[in-house]
Every structure is written in structure tokens, then in C-alpha cells.
Amino acid sequence: MTEAFEKVKIARSNKRPTASDYISNIFTDFFELHGDRRFSDDGAIIGGIALLEGRPVTVIGIEKGHSLKERVKHAFGSPNPEGYRKALRLMKQAEKFSRPVICFVDTSGAFCGIGAEERGQGQAIAECLMEMMTLKTPTISIVIGEGGSGGALALSVSNRVWMLENSIYSVISPEGCASILWKDSSKAELAAESLRLTAADSLEGGLVEEIISENNLGSDTFYAGLKEKLVNELIVLSSVSKEELTENRYLRFRAIGSGKKSED
Amino acid sequence: MLGFLFQPKNELEKGGRENLPVGADEQEPEKTCPNCHKSTPVSQIWDNRNVCSCGYHFRMNARQRIGMICDEGSFTELFEDVKTLDPISFPGYAKKLETTRASGKEDEAVVCGIGRIGSNPCGIFVMEPYFMMGSMGTAVGERITRLFEYALKKRLPVVGFTVSGGARMQEGLFSLMQMAKTSGAVKRHSDAGLFYLTVITDPTTGGVTASFAMEGDVIIAEPGATIGFAGARVIEQTTRKPLPKGFQTSEFLLEHGFIDAIVSRKEQKEAIAMLLMMHREENCI
């Protein structure tokens, strides 16, 4: 098996901590908020207000669940348009009350179905991309498992994007790539290698700021380490004006594929 | 019964060809409409803006569209020097780019520039369906981003024609990020009070639907165009349910509230010119 495809398998494992594990271990007093105020409440995305070392923050996560029952409840972590609209509602609320936003990203992709198309999956993602770019509050996204295409990007237009050591972030699943390009989904291993979807690849490409080590993944020390990182990063991000924050975020993404380096 | 034995086997046995003027024996190529199955000479379809007499809209390349929409001689191309860098050295991609460029007129899947439509100045981008299915890689993202930044500086509206299979997977995560980059540029242009009109044409899917195609102040679509995020075949395989009639067509999106109007090619220039006029800054209070 190629090294990249091994990472794909690890990233997809249902034994990995999910968004709700991060939320309960890093934050206190999480108060979950439901619904997009348009249509319904999407179980694939959880979100709410919590305290990070006593400071109120908005936390949003794509939740996959562990057991089969949980996975069904959370639609296997594939959000519908109402999930993205809920996330955006919470982000706009965070902006209003000057709360930083922290997103945990873990999805094989946005939900693929008739209803999702009827309710504008493309429009819902597009709106997240547009609005996140100019959100006047610090934003940090962490890819904790799978960063699957537009469905993951919709919650990742942040000032900082971090990836767990064994997480992946890709424009398309290796299986999808293999079946479209080579008409052979068994070539997924080769596709995984070619797509450069590992955390190390993303760091090398300048697409993410940091890789989070998976030493003692899921242990108290692991969460304590990540918590400290978040606290420190929010101090850095809060030290600049809101205008600089959105300008730096714009420049961060503006630099990708422009042949120039980010000045952030 | 044995007639087949005496059939001429080649032109010479038939007595040779008559000396006709060059080209006189060639019939004008015809195009068969996938909707009404009628064959029509290409020139006749082209005279009707690449639309069949039944109303079916054939695909159009970017230059044809620019010729159809812009006032004569008003279009100036911009950012044509922006080229992709094959950012992840994807196997076979460099070769694919080379052959695609050699076989067509365009060197990327979008043409950007400025021009006038019914005397209204605007920034224009037109995606190219015959270049890797209009897929968005770094060059497409960069050209469109630069166009919105340019239009913002010059306070111009933008008219964009989309046709795309989505993000170009051969450029990996770099192409996915173009969704965020272009959306950011659209947002800045929008926040400055400037007008953006999208014309969605067949087919517009994936990462382009989930970014700048759906971000216009006004979104119009050509009749019968396929517009969606996930591919219909993938949805059918995943859900194992029959898809509703007309699923992911312009008409379906209009019914569900995701586009403003369906405008046929014949009426497009007039409609676009009128919308641009209505958004001219000197015409607004």
C-alpha cells in the first residue's frame, strides 16, 4: 500500500477522535445551538458557544460519530445545505459578538443526494466561502480526519488552517479520481499518491500553517497541547485590527496559485 | 445472382471520378440535435446562435460567445499571460495540457477581459467548454480573481459565463483553493457596491457551482442547462433512487429558487445590456 493511501485509511478510521471529542475535551460549558432557521437542523454539523480558558468562542464541527447508530444520526459526517447554513448562522453570530470561531473539519464530502441538490448544496457552500472570507473575527480551522473537497473547504476559509498529522485534505476522493481519470477505482492507491493529499504535502505546498502531532492522540496531554496552541494563536490573531484580520485572510488565499508568496 | 462478382471494387473500375470543382462533392457538415434528433447544416445552426430550431442550445466556445455578446470590436482580452504551473506534478497532466493546447485555440479554460455590452462597459469572463471541460485550476482561478480585482479598481460590473466540470483534480488542493480565492474576490467586488451577473450555461457543476457561479447578484441560465453540485450519476449510484424528471436542469433550479431567470441565447444580449444599464452608477440614486 502506498504511504498516502495508508494515511487515507487512518484518516477515515472510526476509532479516531471526532469533532465532539475535541469539543468536550478542549472547551468547557459547551452550549449547543441547533438549526439553520431556514429549513431544519443538520446532524452532520454540530455547533455552539463554549469557553476556551474562560473566553467565549463559537465552536463548529463536522461530526462523524463512532458507533453505527451515531454515524447514522450524524449522516456519516456529510452535511446537507442546511448544515452549512447553520454553520454560517453561527459564524455571523460569532462576528456580531466578537467571538473567535474554531472549526473542526472531518468529512468525506458534502452530502450527495436529491434533497441536497434541491436545496442548493452548491449555493450553500458558495455562500460560506464568500462570507467566511470577510468575517470580522479571528477564525481557525483544524482538519482532524478527512478534508473532503468543497464540503470541507466550506468551513476552512480561516486565518489559520491546521491539519492533524494523519489527516488528509483533497480536491476529490482518491477513488473518485481513479474512476474518472483512469476508469478504474482500484487505482485509488495511485490516485492518493498523485493527489498530494497528506498533511505533509499541504504544509509543503504552503496551504496550511501547521501540522498537529498525533502523539498520544485522544489523551489528556494531546488535548491539553492543542488547547494551549489554540489559546496562544487566538492571542496572536486578536492583537491585530478586524480590518487587518480580514485583509490577511484574503491575502492568505489570494496567494495560492498566483505564483507569489503570502505576506501574512 | 453472381452480380456481386462484377461490382466495381474501386473508383477506377467505375470509370474514375469526374473532374468536379474542388469541394463541390462535399456536403456541408450537419449537426444532429440530441433533443429533436433533427440534422441541420452547421452554418444554419450557427446563424441561429448555435441553437437548434427546436430551441436546444448547443455548447459554444468562449470566443463565439464573446462575439455574440460584446459590441463589435469592444472586447480587449486581459491576463492571457497567466498560465498553470502544474503545482503537484500530477502524472500525465503536463502532457495533457500540451495536447489540449495544440488541439484548440485556447490555452486555458477561461477567457477574461473588458468590453461593452449594448454600450455598457463591463468586465467579462467566459469559460471554455472545449478546454478540459472548463475545469478550474490555478490559472482559471487566478484569471477570474484578477478580473474581479481589476473591475473593483475601475468600478466596473462583471458579467460571467460559466461552463465547467468543477475543480481540476490534476491540480489537487491548489485547484480546490481557487474556490475560496475567487469567492473572496467576488465578495470584495460585491461589498464595494458593484454588480455581478452570472450566466450559467451547460453544464456547470462541482466546484464552480459551489463558488462564483452561484454568487452573482443576478443569476440567469440558458434553457435546459445542467446545473448542480454533485454529478447525477454519482447521486443515483449513492442513493439508489430514480432521479426526478428534469433533475439539475435550469428549469429545476428556477423552480427551487436558485436562479433568477432562464434567458434564451437570442434574448441574452438585450437582457444583459438592460441589467447592466439598470446598475450603472450614474443611473442610481
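# Notebook: strands, domains and the A–B contact

I began with one bridge pair: B:Leu197 has B:Val218 in strand 8 of chain B as its bridge partner. The model is a predicted one, and I read every entry below with that in mind.

**Entry 1, the pairing around that bridge.** I looked up the two strands next. Strand 7 of chain B covers residues 196–204 and strand 8 covers residues 218–221; they run parallel and are joined by 4 bridges. In general, strands of a sheet pair through backbone hydrogen bonds, in either a parallel or an antiparallel sense.

**Entry 2, the sheet.** I then traced the sheet in chain B. It is open, has 7 strands in the order 3-4-5-6-7-8-9, and its pairing is mixed. Which strands stand at the edges? They are strand 3 (76–78) and strand 9 (261–262) of chain B; each has a single partner strand, so one side of each lacks a neighbour in the sheet.

**Entry 3, strand 4 and its partners.** I checked burial for strand 4 of chain B and found 7 of its 8 residues buried, so the strand is largely enclosed by the rest of the structure. Strand 3 of chain B is joined to strand 4 by 3 bridges, and the two run antiparallel. Within that pairing, B:Thr76 stands opposite B:Ile114 in strand 4. With strand 5 of chain B, strand 4 pairs over 8 bridges, also in the antiparallel sense. I noted B:Cys122 in strand 5 as the bridge partner of B:Gly115. Strands 4 and 5 of chain B form a hairpin with 2 residues between them. In the turn, B:Gly118 has a positive phi of about 55°.

Helix 4 of chain B (residues 138–154) lies across strand 3, strand 4 (110–117), strand 5 (120–127) and strand 6 (158–164) of chain B. Its angle to strand 4 of chain B is about 25°.

I counted 9 helices and 9 strands in chain B. Its C-alpha trace spans about 85 × 45 × 45 Å along the principal axes. Of the 285 residues in chain B, 46% are buried. Between them, 7 residues of domain 1 of chain B are in contact with 9 residues of domain 2. The domain 1 side of that contact has 3 nonpolar, 3 polar and 1 charged residues.

The largest nonpolar core holds 148 residues, and A:Cys128 and A:Leu129 have the most contacts inside it. I followed A:Leu129: beyond four places away in sequence, its contacts include A:Leu153, A:Ala154 and A:Val157, and across in chain B, B:Met179, B:Ala180, B:Ser183 and B:Ser211.

Strand 1 of chain A runs antiparallel to strand 2 (residues 45–52) of chain A, with 3 bridges joining them. A:Glu32 has A:Gly48 in strand 2 as its bridge partner.

Notes:
Residues numbered from 1 in each chain as written. Chains lettered and ligands numbered in written order. Predicted model: local features only at pLDDT ≥ 70, side-chain atom pairs only at ≥ 80, totals over all residues. Contact = placed C-beta atoms within 7 Å. Nonpolar A, V, L, I, M, F, W, Y, C, P; charged D, E, K, R; others polar. Pairing = 2+ DSSP bridges. Axes fitted to C-alpha atoms, helices over the stretch in contact; angles between N-to-C directions. Core = buried A, V, L, I, M, F, W, Y, C linked by C-beta atoms within 7 Å. Buried ≥ 20, exposed ≤ 12 C-beta atoms within 10 Å, placed from the backbone.
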